[in-house]
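Grab a pencil and open the viewer beside this page. Let's work through a few exercises together, one step at a time.

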Amino acid sequence: MNDPFTVSVPVRYRDLDPLNHVNHAVYASYLEAARTDYLEEVVGIAAENISFVIANLEIDYRQPIVKGDDPEVSLRVGRLGNSSCTMEYEISVGDDVVATAETTMVHIDPDTKRPSPLPDEIREPIEAYEGVEASA
């Protein structure tokens, strides 16, 4: 298995609340940025062609991200199913893990807009990068 896929995410002024903490909802945007980069770089899907929807999102907050921090999001695919996959995330600032998260993504057929099996061109690069096999 490779090291987790990791991206830096900038803290923008609009991310901050009046106490200069990153608003809790913005963490989901940081996860989205990392997930989009993963699908582009590992799988080769351009952002405008991503055909997944989020079926579940869980975030555990450990400490705030504040103005001046340089957070990074690391992710890996923990489970690869027939039509879905689970991504596991850590958001860190320096050596501190400030949040953990998990998303379950469902592949959607672009024509029918219904769940559909992961095509080989998505499944195979994930399996190769992660060293995971499909699970039920």
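The exercises below go from the whole chain to single residues.

A note before you start: this is a predicted model, in which local features need pLDDT of at least 70 and side-chain atom pairs count only at pLDDT 80 or more, while totals for chains, interfaces and linings use all residues. Residues are numbered from 1 along each chain as its sequence is written, and side-chain values use heavy atoms, with hydrogens and water left out.

**Exercise 1. List the elements of the chain and describe its overall dimensions.**

Step 1. Begin with the elements: the protein chain has 2 helices and 5 strands. Helices (H or I, at least four residues) and strands (E, at least two) are DSSP runs, numbered from the N terminus.

Step 2. From the N terminus on, they run β-α-β-β-β-β-α.

Step 3. Look at the dimensions. The C-alpha atoms fill a box of roughly 45 × 30 × 25 Å along the principal axes.

Step 4. Compare with a globule. The radius of gyration, taken over C-alpha atoms, is judged by a rule of 2.2 Å times the number of residues to the power 0.38. For 136 residues, a compact globule would have a value near 14 Å, and the protein chain agrees because its value is 15 Å.

Step 5. Check burial. Buried means under 20% relative accessible area, exposed means over 50%, and partly exposed lies in between (1.4 Å probe, protein chains only). By this rule, 40% of the 136 residues count as buried.

**Exercise 2. Work out the strand order of the sheet and find which strands stand at its edges.**

Step 1. Recall the pairing rule: two strands pair if DSSP finds at least two bridges between them.

Step 2. Follow the order across the open sheet of 5 strands: β1-β3-β4-β5-β2, with antiparallel pairing.

Step 3. Find the edges. β1 and β2 (52-61) each have a single partner strand, so one side of each is left without a neighbour in the sheet.

Step 4. Helix α2 (residues 120-130) lies across β1, β2, β3 and β5, running at about 115 degrees to β3. For such angles, axes are lines fitted to C-alpha atoms, for helices over the stretch in contact, and the angles run from 0 to 180 degrees between N-to-C directions.

**Exercise 3. Sort the residues of strand β1 by face and find its partner.**

Step 1. Start with a general idea: in a regular strand the side chains alternate between the two faces of the sheet.

Step 2. Apply it to β1 (residues 5-8). F5 and V7 make up the covered face, and T6 and S8 the uncovered one.

Step 3. Now find the partner. β1 pairs with strand β3 (residues 72-80) in the antiparallel sense over 4 bridges, and V7 stands opposite V73 in β3.

**Exercise 4. Trace strand β4 and its two hairpins.**

Step 1. Go on to β5. β4 and β5 pair in the antiparallel sense over 10 bridges, and V93 has D96 as its bridge partner. Their hairpin has 2 residues between the strands, and G94 takes a positive phi near 65 degrees there.

Step 2. Judge the surroundings. β4 is largely enclosed by the rest of the structure because 8 of its 10 residues are buried.

Step 3. Zoom in on T86, found in β4. T86 is buried, with a relative accessible area of 10%. Setting aside residues up to four places away in sequence, T86 touches R76, V77, G78, R79, E102, T103 and T104.

Conventions
Contact means heavy atoms within 4.5 Å.
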